[in-house]
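Thanks for coming, everyone. Let me put the structure on the screen, and then we will walk through it.

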Amino acid sequence: MKKNKAAPTFIFSSPRLLLNSSFWHLLLLFAASKVHQLSAFLPSSTTTSHHHNIINLMSSTTSLASSRRGGPSIIQWGIIGLGDVCTIKSGPAFYKSHGSRLIAVMRRSPGGAGQWVTENREIIQTYNHDDETRVAVDIRGYDNVHQMITENIQHLDAIYVATPPGVHLENVRQIISALDDATTTTTSAASPRPRLKAIYVEKPCGRAAWETQSMIDELHRRNLHFFPAYVSRAHERTQVIRTLLSNKKIGNEVIKVQYTQRGSSLARGLDEHGAGVDKGIPWRLSAEHSGGGLIMDMGCHVLDRIDYLFGPIQNVKSEVLRKGGVVVGARDQRDEDGKSYYPLVEDYVSMKGTIGQCDWAVISSEGAIVECVWDFSPHEKENDEDMLLVTGTYGSLRMAGMGAGLPIEVLDMDGNVVETIEFEAPNHAAQPLIQSIVNELRGVNIDDEQQNYLVKSPARAGNAIRTSEVLDAILNSYYGGRHDEFWLRSESWPGPGLEQNRRYMDMVEAASPLKCNVKTIQKTTS
């Protein structure tokens with residue numbers, strides 16, 4: 001984090017000057033198993049490079065002591081699904097995080113996981129090694145979930161479900177089935193038991209709240225932790241926002257939270273006319289695979305962050321439209337069966353709500369107004385927008401809603417910028433959250449074992465279900481209800497109460513498409 005700001009507060013903050021190398025050498029040898037307790041003696045004046053060298057040396061010593069003396073174990077991961085999310089955002093974090101290893105991956109296409117392992121083995125084994133022997137730990141690829149789990153039943157601590165949401169519940173049930181099968185075959189008291197502790201599920205978890213709740217219930221019945229991949233909760237930028245709010249930078253109370261996002265549809269597999277590239281619909285824009293439009297893939301992050309910072313979103317009212325299919329004429333592009341090439345899911349959402357009561361917000365926010373707009377319909381790129389504004393009693397915070405490395409601006413009551421806080425984005429967006437999950441599963445009891453990473457995951461089952469319920473409340477009227485497998489009845493979309501969507505289409509066709517004023521359409525609440 002860079003500024004116009006105070007330097008980040010590290011746990012090493014005593015004014016004592018303990019920089020003698022001989023002293024450190026003897027001290028580390030003497031106290032390897034208690035190295036965390038020594039952190040209070042390091043000086044805040046230590047330079048960044050020296051500070052990091054000390055941390056790396058201490059972490060290495062700690063791992064060795066832990067493995068020999070029964071301390072925190074290494075968390076060994078398996079991954080189900082090897083799509084684009086595993087390339088940069090999440091995948092590398094499982095072998096780069098401290099105390100974490102990746103030992104198994106699974107992809108449905110025959111031979112796909114094996115090929116992925118071959119292509120990535122060298123870089124993975126650079127990090128994937130035994131902390132005591134320094135011998136590289138191998139990684140294996142599998143074509144099905146059952147085989148991956150049963151062959152690694154005594155080695156896997158956690159599994160990351162990285163497939164599209166449409167198969168998340170199925171994947172969780174496959175994991176449970178494999179565990180049950182393995183448990184029945186290890187009935188002897190001397191037989192090692194499965195060591196699986198947790199399932200980490202890519203957001204937004206289920207296609208609807210009932211799917212998310214089903215996953216949580218089935219895992220909790222087996223005493224397995226459920227962690228949703230709402231990665232922005234663990235980002236430094238989000239934690240700084242919490243600190244600013246806690247320090248009353250914008251007042252004693254939050255009055256309003258506003259968010260607007262326009263754009264990104266072309267980046268998700270649509271051409272300039274709003275039709276699917278190569279006449280196909282990207283999975284993120286297929287309700288069967290994602291549960292709806294891009295609000296499910298992108299908007300869920302902002303909704304969840306609002307929940308984390310201020311409290312649960314309640315009293316939701318929304319306007320939901322499918323604008324793009326008529327705005328640029330993609331409605332006329334149909335396949336031989338008459339099916340539109342433009343996605344049938346919504347591409348425009350406007351919602352209002354209020355913040356409810358909670359015990360986790362760091363500032364009084366109950367009753368604050370929430371207003372959000374997502375417009376993913378095709379339009380001129382220069383009109384793209386991504387802005388989150390938090391208004392307090394005597395100031396506000398302004399920032400992009402998406403992007404861990406983008407700055408925060410602190411504004412006074414007149415809207416003048418009084419402070420700008422800058423950040424460096426993590427190399428892998430999910431690594432801070434994955435590190436916090438690893439820390440929790442290992443039982444790490446200090447929040448700075450690895451440069452201020454969190455001790456416990458801030459993403460929990462409770463926030464996963466709350467965000468799913470808000471998404472359902474927003475989209476409910478468009479899909480004619482989301483209590484069932486609505487993705488199988490697209491002929492019923494838009495649902496009851498959304499006749500205005502059809503009136504909108506008629507109005508656009510009768511006028512110049514790009515001059516249509518959406519605000520003239522009667523709003524419908526869900």
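Start at Arg207. It lies over the face of Trp487, 3.6 Å from the ring centre. The test for a charge over a ring is NZ of Lys or CZ of Arg within 6 Å of the ring centre and within 35 degrees of the ring normal. Arg242 does this too: its charged end sits over the ring of Tyr308, 4.7 Å from the centre.

A word on the source. This is a predicted model, so local features need pLDDT of at least 70, side-chain atom pairs count only at pLDDT 80 or more, and totals for chains, interfaces and linings use all residues. Residues are numbered from 1 along each chain as its sequence is written, and side-chain values use heavy atoms, with hydrogens and water left out.

Take Trp77 and Tyr200. Their ring centres are 6.2 Å apart and their planes stand at 75 degrees, so this pair is edge-to-face. It links distant parts of the chain: Trp77 is in strand E2 (residues 75-80), Tyr200 is in strand E6 (residues 198-201), and 123 residues separate them. Both Trp77 and Tyr200 are buried. Buried means under 20% relative accessible area, exposed over 50%, partly exposed in between, with a 1.4 Å probe and protein chains only.

Now Tyr479 and Phe486. The centres are 5.1 Å apart and the planes are at 50 degrees, so that pair is tilted. Tyr479 is buried, at 0% relative accessible area. Phe486 is also at 0%, and counts as buried.

Next, the cores. A nonpolar core is a set of buried Ala, Val, Leu, Ile, Met, Phe, Trp, Tyr and Cys residues joined through side-chain atoms within 4.5 Å. The largest has 53 residues, and Leu245, Val254, Ile306, Phe310, Trp374, Leu397 and Ile474 touch the most other members. Helix H10 (residues 294-309) gives the most to this core, with 10 residues. Helices (H or I, at least four residues) and strands (E, at least two) are DSSP runs, numbered from the N terminus. A second, separate core has 33 residues, including Ile103, Ala104, Ile153 and Ile175.

What does Phe310 touch, beyond residues up to four places away in sequence? The list includes Leu245, Val254, Ile355 and Val390. Contact here is heavy atoms within 4.5 Å.

On to Gly356. It sits in the loop between strand E10 (348-355) and strand E11 (369-375). Buried or exposed? Gly356 is buried, at 5% relative accessible area. Pro312 is 44 residues from Gly356 in sequence, yet 5.2 Å away in space, C-alpha to C-alpha. Leaving aside neighbours within four places, Gly356 contacts Gly311, Pro312, Gln314 and Glu366.

H7 (residues 209-221) has 13 residues and reaches 18 Å from first C-alpha to last, close to the 18 Å expected. That expected span is 1.5 Å times one less than the number of residues. Asn223 follows H7, and its phi is positive, near 60 degrees.

Last, the whole protein. There are 14 helices and 15 strands. Of its 526 residues, 53% count as buried.

Technical notes. Rings of Phe, Tyr and Trp (its six-membered ring) pair if their centres lie within 6.5 Å; planes under 30 degrees apart count as stacked, over 60 as edge-to-face and the rest as tilted.
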